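This note sets out comments on the interfaces of the model shown below.

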Amino acid sequence: MTEPLSFEKSRGSAGPPRLPDANVTAPEPSQLLGPEHIRSKAPGLPRLSEPEIMRHYSRLASMNYSISEQFYPLGSCTMKYNPVVNETAAALPGFAGLHPYQDEDSVQGALELMWRLERALSAVVGVERVTLQPAAGAHGEWTALRMIQAYHHSRGDARTEVLVPDSAHGTNPASAALSGFHVVEVRSGRDGRISLADLESKLSPSVAALMLTNPNTLGLFERQILDIAEMVHATGAMLYYDGANLNAFMGICRPGDMGFDAVHMNLHKTFTTPHGGGGPGAGPVGVKADLVPFLPTPTVERTNGHLTLDFKRPKSIGRVRTFYGNFGMLVRAYAYIVAMGGDGLTQASRDAVLSANYLRKQVEDDLEMPHDGPCMHEFVASARNLAQDGIKALDIAKALLDRDFYAPTVYFPLVVPEAIMVEPTETESKATLDAFGAAIKEIVAQAKTNPQALHDAPQTLPVGRLDEVAAARRINAYLQGQSDDPVLRWKAAEK
Amino acid sequence: MLAAIGVQSMDELLLDIPSSLRIKALELPAGLSEFETMAEIASLAARNRVFPDRLTFRGGGVYRRFIPAAVAAVTSKPEFYTAYTPYQPEASQGTLQAIFEFQTLIAELTALDVANASLYDGATAVAEAAMMAHVHTGRNEVVVPGYLHPEYMEVLRVFSEGRGIKVRRGTEPGPKTAAVIFQQPDFLGLLVDARSLTESAHAAGALAIACVDPISLAILAPPGEYGADIAVGEGQQLGLSPSYGGPHVGFISCRKELVRRLPGRLVGTAYDKQGRRGFTLALAAREQHIRREKATSNICTNHSLCALAASVYMTYMGPDGLRQVAEVSFKRAHALSERLAALPGWEPAFPDRQFLNEFPMRVPKGPAVVRKLARKGILGPLDVHRWFRELKGVLTFTCTEVNDPRALDELVAALES
């Protein structure tokens with residue numbers, strides 16, 4: 001089943017929705033504005049009735065896998081269940097109806113929520129203060145690096161390099177480069193953890209920070225984190241924590257205690273705000289005392305129960321987006337934290353670790369395990385053992401889709417060939433984990449008996465594997481003026 | 001489960017964590033039932049004051065508009081809001097097609113070739129566009145004439161500093177200028193001469209970046225018609241509630257020649273073996289997960305669900321509905337500005353400049369006016385003196401289709417009282 005585009009379904013005859021008339025005496029735009037200001041041709045938006053629109057989007061919705069219907073073991077993405085009460089909370093008119101430029105006195109509840117969320121997140125990660133402004137994880141990373149840069153700069157210390165492990169998320173080096181840093185890669189050792197010898201050789205007075213996630217992207221805790229922190233700090237550099245994997249140890253340990261100076265969190269991973277098919281998320285950043293003066297403005301301050309926005313912070317890096325962050329997502333995350341409490345968050349992380357180790361055990365005979373367990377909240381397997389049958393990680397991913405599971409993250413981290421990165425999260429039942437394990441077993445067995453069936457997967461979805469190479473060629477042809485098909489948008493056929 | 005794993009206790013799974021790092025418990029209250037949770041959250045919501053839509057005359061980048069019920073009906077479908085970024089295209093066709101439609105809608109609205117899947121907000125869209133121009137031209141300065149939204153300006157500066165790009169206020173681009181960035185209508189609501197700004201940018205070998213109000217484009221010449229290279233903007237007005245400033249959605253579109261410099265996700269068509277058309281992430285070689293430090297941007301998670309809301313809104317309105325909304329807002333704002341100008345001591349702050357539905361008035365005792373209106377239940381105009389020293393006593397009023405004629409009467413009566 002496929003669904004035509006709204007543009008293809010558009011009927012010239014569908015009139016506009018009923019909307020109010022102006023009911024005031026005033027001139028038409030064309031009477032006041034010069035012709036140079038007036039649009040010459042109406043935009044080509046579709047013309048559809050409401051029932052047609054609702055049916056269109058219902059059909060599109062039915063073509064998606066989502067956490068509401070499927071197990072989503074997407075490593076590094078923490079696809080846990082999103083409690084529906086979060087949505088109810090964010091939709092309260094007392095939040096959704098607030099204009100960002102209302103006076104502080106009229107938004108005390110919103111500011112109180114932000115202040116409490118800041119306190120709660122600070123408690124979870126062990127930092128002094130948190131900015132809630134960044135809109136996403138990568139935005140948070142970049143914000144943290146800008147603060148670290150400002151910190152060094154304030155000491156007359158022009159550091160130009162940022163160290164990033166080879167197993168890091170792609171956003172790490174991209175954020176560092178966007179901040180104007182030169183990125184230097186640090187190698188992982190045989191055990192999947194950062195090589196201290198390599199780190200030692202790359203540390204120098206020009207290094208501003210080491211960006212690290214712990215547990216790392218292989219799902220392994222960096223046992224020598226305290227040594228790493230000492231080495232980094234001894235050279236005057238700072239330690240930055242990529243919070244993508246925070247779900248592994250809430251209530252068990254804290255990045256702040258490990259020596260991290262700046263810590264970003266993904267509210268859309270660890271704190272159950274929904275992913276929305278790719279956002280909106282929220283990427284708050286927590287900092288230790290040294291970095292507090294550099295936090296983006298405004299911060300939320302509380303004096304004798306009265307809340308204010310503080311714009312007068314002379315050392316601040318400035319604002320990194322409009323207003324005060326993705327406030328609607330902050331409400332959702334706060335609702336989750338209130339409902340879970342300290343006890344619930346701790347249990348969530350323990351259960352996440354338990355689920356990952358249990359699932360790892362279920363599939364360890366079927367796939368290669370490049371590193372020894374136990375793992376934390378996720379593990380990375382490799383499909384290398386199926387190479388002799390011509391089966392790749394991608395084939396396994398697609399075969400899982402046919403079995404009503406979303407696929408794990410594949411081909412990441414880059415340090416493991418044919419990587420299959422599985423993060424089950426704490427919100428899945430044992431029955432689901434068993435079913436997933438059984439599906440992997442069945443697929444691996446099929447690799448021997450009928451590999452072609454795996455190459456042909458998926459068969460049960462609206463489309464089969466899409467030819468992305470041909471798509472890239474078509475885009476090139478368009479960009480080079482050899483084709484009229486833009487590929488990246490719909491375009492009416494020339495009449 | 002522990003037995004299946006082959007351990008005696010949970011703690012055996014956590015042995016890699018040095019014992020000195022283990023904490024006893026989080027310093028947070030214990031969990032609550034759903035009922036208690038909502039009671040606590042609702043008590044915070046109750047400490048905020050919400051002004052009725054019809055009595056909201058404040059804009060400054062976030063506006064009250066009629067939001068069709070269809071928008072929430074679609075965005076609250078869990079198949080949309082609980083899906084991840086569409087990495088597995090076969091299982092994500094709904095999201096991918098919706099993004100492809102969003103890209104087309106934005107490209108149509110701005111009359112440019114290609115739009116991306118979304119950005120965080122209008123401010124970061126401006127900053128990302130500046131980065132595109134910097135890389136494309138190899139030049140290190142952007143010029144900003146007139147009244148760009150002050151928060152966009154600040155974000156642009158913070159982004160630019162990291163990359164060593166200078167942000168200069170002014171009207172004259174020079175040989176070092178990568179782009180001229182202007183807002184149409186500007187932060188005060190006034191129209192700028194987009195055509196001559198674009199021409200001056202091009203004459204200096206720089207790109208022209210237009211920051212536009214999406215609803216205004218139902219009336220105003222779109223960036224593609226006057227030759228701008230990149231269009232950016234804030235999409236909050238397209239079906240998103242104010243929500244104390246977010247989440248909203250940034251958009252960006254550009255000429256064909258700049259497509260490879262676009263930040264973030266792009267969705268394109270592709271075909272399977274049976275020749276069926278589908279949608280998939282395209283030109284990923286620009287992105288951080290492939291290119292790492294050489295990527296065009298670090299953006300990963302964007303604002304997909306907000307883009308979906310905007311798509312539903314634009315599809316619901318169609319070209320005629322969007323025009324109706326823009327025209328009603330235009331007429332009400334002009335009717336209001338005439339009445340306000342008749343108040344003793346009040347005058348248009350820039351009488352020679354045209355506007356659409358937001359306009360600056362110079363008034364005696366601006367801050368007192370705003371406070372007085374609040375006492376009467378009206379979210380009055382925005383005092384822009386806070387950002388611009390030269391605009392003492394200048395307040396901007398906003399009118400949209402939600403401010404019915406009686407609401408205008410109430411506003412004027414409150415001011416006269």
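**Comments on two interfaces**

1. Between chain B and chain A, the count of salt bridges is 13. This applies to a predicted model. One pair is formed by the side chains of B:Arg277 and A:Glu8, which meet in a salt bridge at 2.8 Å, N to O. This distance falls inside the limit used for the assignment, because a salt bridge requires a side-chain nitrogen of Lys or Arg within 4 Å of a carboxyl oxygen of Asp or Glu.

2. Polar contacts between chain B and chain A are counted as 90 residue pairs, with both residues at pLDDT 80 or more. On the side of chain B that touches chain A, helix α11 (residues 304–341) of chain B gives the most, with 24 residues. Sorted by class, that side of chain B comprises 92 nonpolar, 44 polar and 38 charged residues.

3. As to the extent of the interface between the chains, 174 residues of chain B are in contact with 199 residues of chain A. The area buried between chain B and chain A is about 16000 Å², and carbon and sulfur atoms give 63% of that area. Within chain B, the residues that lose the most area to chain A are B:Glu90, B:Tyr244 and B:Arg292, which together account for 7% of what that side buries.

4. In chain B, 27 residues of domain 1 are in contact with 25 residues of domain 2. The area buried between these two domains of chain B is about 2300 Å², of which 69% comes from carbon and sulfur atoms.

5. How many salt bridges does the rule find across the interface of domain 1 and domain 2 of chain B? The rule finds one salt bridge there. The side chains of B:Asp186 and B:Arg353 meet in a salt bridge at 3.4 Å, N to O.

6. The most is given by α11(B), with six residues. The residues on this side of domain 1 of chain B divide into 16 nonpolar, four polar and seven charged.

Note on methods
Residues numbered from 1 in each chain as written. Chains lettered and ligands numbered in written order. Predicted model: local features only at pLDDT ≥ 70, side-chain atom pairs only at ≥ 80, totals over all residues. Heavy atoms only, no water. Contact = heavy atoms within 4.5 Å. Buried area = accessible area lost by both parts, 1.4 Å probe. Polar contact = N/O pair within 3.5 Å; in protein donor to acceptor, adjacent residues only side chain to side chain. Helix = DSSP H or I, 4+ residues; strand = E, 2+ residues; numbered from the N terminus. Nonpolar A, V, L, I, M, F, W, Y, C, P; charged D, E, K, R; others polar.
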